[in-house]
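Let's take a walk through this protein together. Keep the picture open while you read, and follow the chain as we go.

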Amino acid sequence: MLLALLLMCSLLMMEAQTIQRGNRFYDGAALYTVSTIGQDGVVTLKGNDPWGGSYVLKLKKKPTAGRYELMLSREYSPFRCKWGSEVQYYRQQGMNFLGVKNSKGQIVEVLTLTPDNLQNCTGQHEQMVAYMSQEGLNETVSNFLLDTHMTIGCSMEDLQSVAKRLGGLSRPSIIEKTNRDLLLSEIAYRNGEAEGGYDNPDGLGADGRGSDEVDELPTFGQTVIFDGEEYIRVTTAEQFLNALGTGRSVLVAKNTEINLSPLLDDQSAFRTQYRLWRPEYATEVGDRQDVLISEEVFDGRQLTLVNMKQMTIRGEGNSRIVVEPRYAFCLNFKNCDQIEIHNLTIGHVEGGNCQGGVIGVQGGWRVSIHHCDLYGCGTYGLQLQDTRDFSMYSSNIHDCTYGIMTLRNVEFAKFEKCDFFRNREFSLIESRGSNVNFYQCRFFANHGDSPLFNFDREFFLAECEVYHPTENLGTINLADQSGPKNKFVENPFDRDIKSRGIGPDQK
């Protein structure tokens, strides 16, 4: 009788730890539904995310109950592990989830069993992210199961300290064990040490192509210390895109030019879990996860960075970022907070009239540009909209075809020790916002027939040098000049104009 009871319990546990048709598993972004379970033990899961992305996973059942193998698919693996890695179905202490493991047996991704649809999962996840943001990582890891879409917003210091604390627990719960693995996975990912879905069996690439079809597999940059800070140093467009993300510091290597266009134009190479391929200007992706978008424009595609936070992009010296389409922004930020861009030359490969600018900022707050050189053929060097607390220091904007910048519904923008020159041909600085300030800036060699200022409210102008015809100064009457005296010269090409070393370090 006892033996029969134990056998029944064992069978019930085995059944509970077996994936069933119709089960739904959520990984923090995509909801996967089990569509088929073959007689050969192959489980097919089809996933969708809120931004239109779709994924297919295949798991092969192993002899041990609750154990599966991540099978090779012709799609990119969305997990930080190799094809063939083990996937274990956990049902412990009230938790029901799939744990995807790396070669060391550490859980690198979790997919939680859920009865909900994608909309409800997304809403609950947003609430969880908000809770963690308020209470902190340390207060969350013992009570809630994390996922990689939550760990990307954590600082490296928090990841390391909390992982160390969890590792010192004598009797960790399944939540604490799993969360420690996930934190270690995020640390490895930022250090360029994650296994990823690139190293596939049978010599196949991440998208299922054979070795004769793969030119170069994607790689990660190298973690380095630069000026006392930790950066991911990159030398290629693939490394650059892999390195971008919340909490990241990216260093474009010395004497390196990164042309983003070939990768942005290649759908099979660009599209991964954290990258979306979109038609023209379709960047509505919600406000909870950072994502990169290859976005269609008239003559090509542009890179749009969405929901990034606390990220730095910096050049090591003589470092450049360029794009080929004349209608594309070089870098376009949407709903991004606390972004810093340092010591870079950014512009278009070809000249001519176009619609895309050099840097676009839509929404978000506190984007700053330091010691950079922004050049055309972008219509404008800067196009800012619905943002606040923008700043630009010791930088150039030049050779843009429509003007220097446009500011739409911008609250507080500061430009200090910047040079604006050789720009044309409409209103050069157009602003529909408040608290726009220029300190020690120079305006020269711009299209003399164009109005220099087109403002709808008062702006501040102090210790600036303005080389522009008086009759074309535009709304100069709205300038508050109560600070240090400004210099006005009629001739845009005055011989007294000398270089003052503004812009990136080219050493």
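S2 (residues 31-37) and strand S3 (residues 42-48) pair in the antiparallel sense over 6 bridges. Strands here are DSSP runs of E, at least two residues long, numbered from the N terminus, and two of them pair if DSSP finds at least two bridges between them. Look for Leu-31, which sits opposite Asn-48 in S3. The hairpin of S2 and S3 has 4 residues between the strands, and Gly-41 there takes a positive phi near 85°.

S2 has another partner, too: 3 bridges join it to strand S1 (residues 24-26), again running antiparallel. On that side, Tyr-26 faces Leu-31. This hairpin has 4 residues between its strands, with Gly-28 at a positive phi near 100°.

A word on the model: it's predicted, so local features need pLDDT of at least 70 and side-chain atom pairs count only at pLDDT 80 or more, while totals for chains, interfaces and linings use all residues. Residues are numbered from 1 along each chain as its sequence is written, and side-chain values use heavy atoms, leaving out hydrogens and water.

Finally, is Asn-472 buried or exposed? It counts as buried because its relative accessibility is 17%, and buried means under 20% (1.4 Å probe, protein chains only). Asn-472 lies in the loop between strands S33 (465-467) and S34 (479-480).

Key: Buried < 20%, exposed > 50% of the residue type's maximum accessible area, 1.4 Å probe, protein only.
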